[in-house]
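Me: I am new to this structure. Please take me through one part of it closely, and then show me what else stands out.

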Amino acid sequence: MKKIYLFAAMAMTAMQMQAQDVAATLDTYAGAALATEDLSGTARYIGMGGAMDALGADISTIGTNPAGIGLFRKNQFSGSLSVNIQEDGKSFQDGSKTHVSFDQIGFVYSSPSGKTGFLNIAFNYRKNRNFNYVLSAVNALNGSAQCNQTSLKAMNDKDLFYYNQEKKEFYYNSLAASQLDVLYIRNMIYDRETDCVYGFDGSDYDFTRAHTGYISEFDFNISGNIKNRLYLGLTVGVNYVNYKGYSEYYEMLNSTEITDVLITDNHKIDGYGMNVKAGVIFRPIEESPFRIGASVSTPTFYRLTTENYTTIGDYVDGITTKKDFRFNTPWKFGLSLGHTIGNNLALGAVYEYADYGTCDMRTIDGEYYDYWADNYYSESSSDNVMKRHTENTLKGVSTIKLGAEFKPDKNIALRLGYNYVSPIYNESGVRDQTLYSPGVYYASTTDFVNWKDTHRITAGVGFSFDQFRLDLAYQYSMRKGDFYPFMPNYSAAYIDEETGAMVTLTNSCNPVEVKDNRHQIMASLTYTF
């Protein structure tokens, strides 16, 4: 252990400092995980890599290009199950490398309208985000440590915390000191007798987190066509978030006083959101099945509750908190092409774009009761500091989907698909724990991963018999990322009392490459009547 800064106790007014109401939060990195989606839907849709926005006539297009529902000519009911396997994964707490998932159920009611038109109504449930994943990372620290981040924050920010010797109470800055800062200050880095802040030399760390849960989407659609050339659709979606995470961060220290420290974090996020999606499909040449599609989706406007219980030192001290937030995802736009050749071959291509730098973390400013409507409403405002951080950390993402279906026989279909998703994170992005933001104030962890691009390869087969169709699909998803236990290259300077020289301390860590490779095997049963 080394003393790095003499922290003089300062008289603070009540306006400057207050006791901390700590809680879990949504920041840039948590928001990115909630805003992105997996390739999900029916086995037919996945087998073709999701490239069906212009081809339509699959219920999964209800959530991508709603006009695709307008191509149905009969009523249909479908349901889907899958088995998901994390490659090179391991079991940890509630997380496991293999799990079964109920992914989709929906129906389409198709009604003739006029001589050539149809008016269709549809409902579909799908699991658009599967959080089940165990993340592990081990690396050397070379003298740095997670607790030193708090020590250096105290050096750079004299208002980070204040200890009242008379009352024996801590007071923390209402925006800058995170939950983890509070635990380190109370238990490790601050000496109440000498009023000194200390730092530690770390040697190694071992980190594991089990992510579990999902985002469910319930879509309600109305669609139709005009003269079998123009197809229009509108979908209203309701999303439900159910996320749980449990992590253990174990740090070995080069110290005789404290040789190691364990940080555990139980984290939960739940809530709901709403969005609206609109789409169009057009056949430019009346004699040709070639068609062009376009779609747009509004942001999903979430109201979320985050809750956590975080401990330090084998459960010696802990913080439990709960907080409501609002979060808006970005707009999403799509263009698609589709073409069929006879009754044997279907080809599809989709391009989607969303600017994740526009994700909006919002704090709830107040709530009021409407006596006329007998309901509670809330007002919110953007966390502008975190919003600027998001703009600098996340970027626009392009998704390309390609797919083909070949029928060697009228009752058998073979499918192939491919997806490419560009990186959402800037390479230089960090989870900045020095921002004056509720996103830092309510943070209970410091780790983050800058994920790179995603590749998905899919294949499938379908069997038709009477009014039923059984579809099977396989999906292999691959992506790599750089894991950091805390933000790297954070520095602070102080004057050495003995020499009078200015000394600069830097807390740093090297990235560890982590992988998120998954196998999915899916089956869908469809009944057409």
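Reply: Start with Q104, which sits in strand β3 (residues 98–113). Strands (E, at least two residues) and helices (H or I, at least four) are DSSP runs, numbered from the N terminus. This is a predicted model: local features need pLDDT of at least 70, side-chain atom pairs count only at pLDDT 80 or more, and totals for chains, interfaces and linings use all residues. Residues are numbered from 1 along each chain as its sequence is written, and side-chain values use heavy atoms, with hydrogens and water left out.

Q104 is buried, at 0% relative accessibility. Buried means under 20% relative accessible area, exposed over 50%, partly exposed in between (1.4 Å probe, protein chains only). The side chain of Q104 makes a polar contact of 2.7 Å with that of S80. Another, of 2.9 Å, joins Q104 to the side chain of N124. A polar contact is a pair of N or O atoms within 3.5 Å; within protein, one must be able to donate a hydrogen and the other to accept it, and residues adjacent in sequence count only if both atoms are side-chain atoms. Beyond four places in sequence, Q104 also has contacts (heavy atoms within 4.5 Å) that include G41, I59 and Y125.

Now the loop between β10 (202–226) and β11 (230–253), where K227 is found. N228 lies in the loop between β10 and β11 too. Most residues other than glycine have a negative phi. K227 has a positive phi, near 55°. N228 is not a glycine either, and its phi is positive, about 55°. K227 is exposed, at 66% relative accessibility. N228 is partly exposed, at 25%.
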